[in-house]
Amino acid sequence: MNQINLCRHQQAYNRTQEAGDVDQLAAGGLVRSLTGSMRRLAEQGVHLGHELFEEGMELARHPEHITHWFEEGRQIVGEVAHLGLMPRDPDTRLHAELSGLKHVAWADPLSLAVVKDLAHQLEATVNDVLVAAVAGALRRYLSEADRYIKGNIHITMPFNLRPKDEPVRLLGNRFGLILVEMPLDEPDTIKRFKKVKQALSETKASSQPQITFGLLEMFSYGPAALEKFALDTLSNKSSWVLTNLPGPPAPLTVAGAQTLQPLFWVPRSGHLGVGLSILSYAGTVQFGLISDANMVHAPDRVVRYFEESFRELQQQAFGSMDSTRTSGQE
């Protein structure tokens with residue numbers, strides 16, 4: 001009996017020791033994670049200190065630059081405050097709980113020449129025209145899905161910070177994020193287009209792309225929880241992700257077969273579950289949508305609304321110009 005009790009005590013001691021070993025391993029992993037994060041932050045601090053020293057020497061050589069620096073600093077502080085104080089987007093279907101099930105849909109290619117012709121007519125860019133068509137599609141879909149428009153929403157758009165003439169020596173993206181307001185409360189097609197164009201111009205001209213790039217890069221060197229908090233905060237202030245990429249101007253072939261309609265799906269992060277992708281390819285414009293099943297139940301309908309919104313903008317633009325010319329002749 002004493003031997004049995006001794007064995008039981010030994011087994012209990014072993015289990016306690018194993019639990020302690022697991023706790024020590026977990027604590028060790030946490031310490032290593034925090035140590036690694038602090039080491040990376042320290043390395044970035046040394047790099048930043050070196051850059052600040054170089055900029056300080058440059059300022060000593062050219063003191064007239066100080067006014068420009070103060071202005072840039074004022075803009076940065078203002079933009080950070082603007083991002084921080086932005087309210088959450090309205091609680092529409094686009095902020096439903098993520099299910100993990102994805103749906104995709106895509107439109108028939110648009111003629112790039114036709115899109116450029118419309119952009120020229122409206123004294124705008126191709127991107128202005130396509131984003132305005134997206135705004136029209138969103139307005140129509142949400143008015144049906146949520147029964148009424150709860151307010152304007154924002155879309156998140158990647159913004160390339162690499163100069164076009166700069167050769168790519170190192171792999172990796174270099175882009176910031178901009179949050180652009182979609183004027184869903186505007187029923188008039190032309191007025192809605194003008195508001196989209198103004199919002200795009202003002203946001204691109206601001207410091208927002210550089211600030212989001214810098215903040216996300218800085219947070220990536222810290223604990224994962226800090227980076228997740230930053231991504232969740234930004235995603236709460238937006239409802240969709242949209243990207244517009246220039247593709248090959250000539251058709252591509254694979255094993256002798258021509259590629260007719262290439263598509264890609266924009267990655268999403270945080271709570272965002274809907275992505276819109278626009279790609280120019282061989283004289284056409286491709287439009288695709290990927291969505292969590294809880295957020296867009298009928299992606300084909302959104303794609304159809306995009307096509308109809310583009311045609312409506314086209315008719316309004318050329319129709320208004322024709323009526324202007326007619327009244328001028330009278």
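**Salt bridges and nonpolar cores**

R140 is partly exposed, its relative accessible area being 37%; on the scale used, buried denotes under 20% relative accessible area and exposed over 50%, with partly exposed in between (1.4 Å probe, protein chains only). The structure is a predicted model, in which local features need pLDDT of at least 70 and side-chain atom pairs count only at pLDDT 80 or more, whereas totals for chains, interfaces and linings use all residues. Residues are numbered from 1 along each chain as its sequence is written, and side-chain values use heavy atoms, with hydrogens and water left out.

R140 forms a salt bridge with E144, at an N to O distance of 4.0 Å; such a bridge requires a side-chain nitrogen of Lys or Arg within 4 Å of a carboxyl oxygen of Asp or Glu. Both R140 and E144 belong to helix α4 (residues 126-145), where four residues, about one turn of the helix, separate them. Helices (H or I, at least four residues) and strands (E, at least two) are DSSP runs numbered from the N terminus. E144 is likewise partly exposed, with a relative accessible area of 33%.

In helix α8 (residues 299-329), R304 and E308 are also four residues apart, about one turn of the helix. Their closest N and O atoms lie 3.7 Å apart in a salt bridge. R304 is partly exposed at 38% relative accessible area, and E308 falls in the partly exposed class at 25%. Through salt bridges that share partners, R140, E144, R301, R304 and E308 are joined into one network.

The salt bridges number six under this criterion. One of them pairs the side chains of D292 and K102 (3.8 Å, N to O). This pair connects distant parts of the chain, as D292 lies in strand β9 (residues 284-292) and K102 in strand β1 (residues 102-106), 190 residues apart. D292 counts as buried, with 0% relative accessibility, while K102 is partly exposed at 37% relative accessible area.

The largest nonpolar core comprises 51 residues, of which L122, V129, I155, M182 and W240 touch the most other members. A nonpolar core is here a set of buried Ala, Val, Leu, Ile, Met, Phe, Trp, Tyr and Cys residues joined through side-chain atoms within 4.5 Å. When residues up to four places away in sequence are not counted, M182 touches V131, A135, L138, N152, I153, I155 and V196, contact being defined by heavy atoms within 4.5 Å. A second, separate core consists of six residues, among them L177, L216, A230 and L234.
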